[in-house]
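Here is a friendly walk through one protein model. Keep the sequence and the 3D view open as you read.

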Amino acid sequence: MNEKAYAKVNLFLSVGDKLADGYHEIDTVMHTVSLCDDLVLMPDDAVSVECSVPIPEKQNLAYLAAVLFFRETGVKGGAKIKIFKRIPARAGLGGGSADAAAVLRGLNRMYKTGIPESALAAMGLWLGSDVPFCVYGGKARCLGTGGLITPLPRERLNIVIAKPEEDCSTPEMYRLLDGNPPARAEYSEGIYFNSFDTVCPEQSRALKESLLSLGASAAMLSGSGSAVFGVFPTRESAAAAADSLRGSAEFVFRTETV
């Protein structure tokens with residue numbers, strides 16, 4: 001059984017107060033894009049994961065998602081999971097979360113358990129704050145710690161994603177915000193904003209400026225970075241910008257919202 005795990009970009013991300021459990025209140029609007037990982041799931045006696053990039057199996061969110069699925073549903077059996085990665089890690093694009101969501105959806109279909117998406121999303125929250133959104137995909141506003149999801153009409157956006165060699169650790173980026181009270185904004189349709197832009201790494205900042213100079217109408221970090229994305233008026237202008245950026249970033253993708 002094949003599943004696609006779509007990356008996401010944060011069109012809006014305002015980080016709120018730190019909660020007693022160490023997490024932060026967030027207000028974010030995410031949209032899936034066509035950049036994706038491909039997963040193949042096969043029934044097996046136990047859970048195993050084979051990945052095209054070196055991620056320790058027991059730390060792979062796809063593995064943890066499968067273990068969680070079998071534990072929560074009581075289904076007997078397992079799955080052999082193969083992951084062909086395209087979404088870079090530690091980039092703010094939700095690659096691990098997308099893989100976990102794809103595993104939950106795929107196992108639900110493969111074992112014909114009939115679990116509604118809302119229940120899969122609730123299950124996914126145990127794995128990470130972006131997983132519930134990735135279960136649904138499309139465009140949605142997510143509040144709280146990511147589990148309060150309101151679907152929004154999808155947009156047609158031409159996007160270029162650029163990730164520098166420098167990675168971003170999400171916990172470290174939140175620590176930086178805790179030391180520098182984050183900029184916040186009220187969401188309204190069409191606004192592009194990310195609190196993490198105030199602590200943006202230098203390489204990401206340079207790529208953001210390059211995207212703007214190449215004609216992006218908006219450019220900013222996705223999630224906590226280090227990838228940045230720019231929104232372009234046409235597919236052609238996005239393709240030209242992506243060609244111009246190749247060689248100045250570790251990964252450059254021309255993509256679009258789905």
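Helices (H or I, at least four residues) and strands (E, at least two residues) are DSSP runs, numbered from the N terminus. This is a predicted model, where local features need pLDDT of at least 70 and side-chain atom pairs count only at pLDDT 80 or more, while totals for chains, interfaces and linings use all residues. Residues are numbered from 1 along each chain as its sequence is written, and side-chain values use heavy atoms, with hydrogens and water left out.

Let us begin with Lys-112, which sits in the loop between α2 and α3 (117-124). Its phi is positive, about 50°, although Lys-112 is not a glycine. Arg-90 belongs to the loop between β4 (78-84) and α2 (95-110). Arg-90 also has a positive phi, near 50°, and is a residue other than glycine.

How open to the outside are such residues? Here, buried means under 20% relative accessible area, exposed means over 50%, and partly exposed lies in between (1.4 Å probe, protein chains only). The table applies these words to several residues.

| Residue | Relative accessibility | Class |
|---|---|---|
| Lys-112 | 73% | exposed |
| Arg-90 | 48% | partly exposed |
| Cys-142 | 0% | buried |
| Cys-200 | 7% | buried |
| Pro-151 | 65% | exposed |

Another loop, between β9 (218-221) and β10 (228-232), holds Ser-226. A cis peptide bond links Gly-225 to Ser-226, with omega about 15°.

**Cysteines**

A disulfide is a covalent bond between the sulfur atoms of two cysteines. In this model it is counted when a pair of cysteine sulfur atoms lies within 2.5 Å. How many disulfides does the structure hold? It holds zero. Cys-200 is in no disulfide either, and its nearest cysteine sulfur, in Cys-168, is 7.4 Å away.

**Two helices that cross**

Two packed helices are described by the angle between their axes and the distance between the axes. Axes are lines fitted to C-alpha atoms, for helices over the stretch in contact, and angles run from 0 to 180 degrees between N-to-C directions. The axes of α1 (residues 61-73) and α2 come within 8 Å and cross at roughly 35°. Contact means heavy atoms within 4.5 Å. On the α1 side, the contact residues include Leu-61, Phe-69 and Phe-70, and on the α2 side they include Val-103, Leu-104 and Leu-107. The residues of this contact divide into 10 nonpolar, three polar and one charged. In that count, Ala, Val, Leu, Ile, Met, Phe, Trp, Tyr, Cys and Pro are nonpolar, Asp, Glu, Lys and Arg are charged, and the others, Gly among them, are polar.

**A covered strand, and a proline**

Is strand β7 (residues 158-163) mostly covered or mostly open? Six of its six residues are buried. Asn-158, Val-160 and Ala-162 point one way from β7, and Ile-159, Ile-161 and Lys-163 point the other way. Two strands pair if DSSP finds at least two bridges between them. β7 runs antiparallel to β10, joined by five bridges, and Asn-158 has Phe-232 as its bridge partner there. β7 also pairs with β11 (residues 251-256) in the antiparallel sense, over six bridges, where Thr-255 is the bridge partner of Ile-159.

Finally, look for Pro-151 in strand β6 (residues 148-152). Leaving aside residues up to four places away in sequence, Pro-151 touches Lys-139 and Ala-140.
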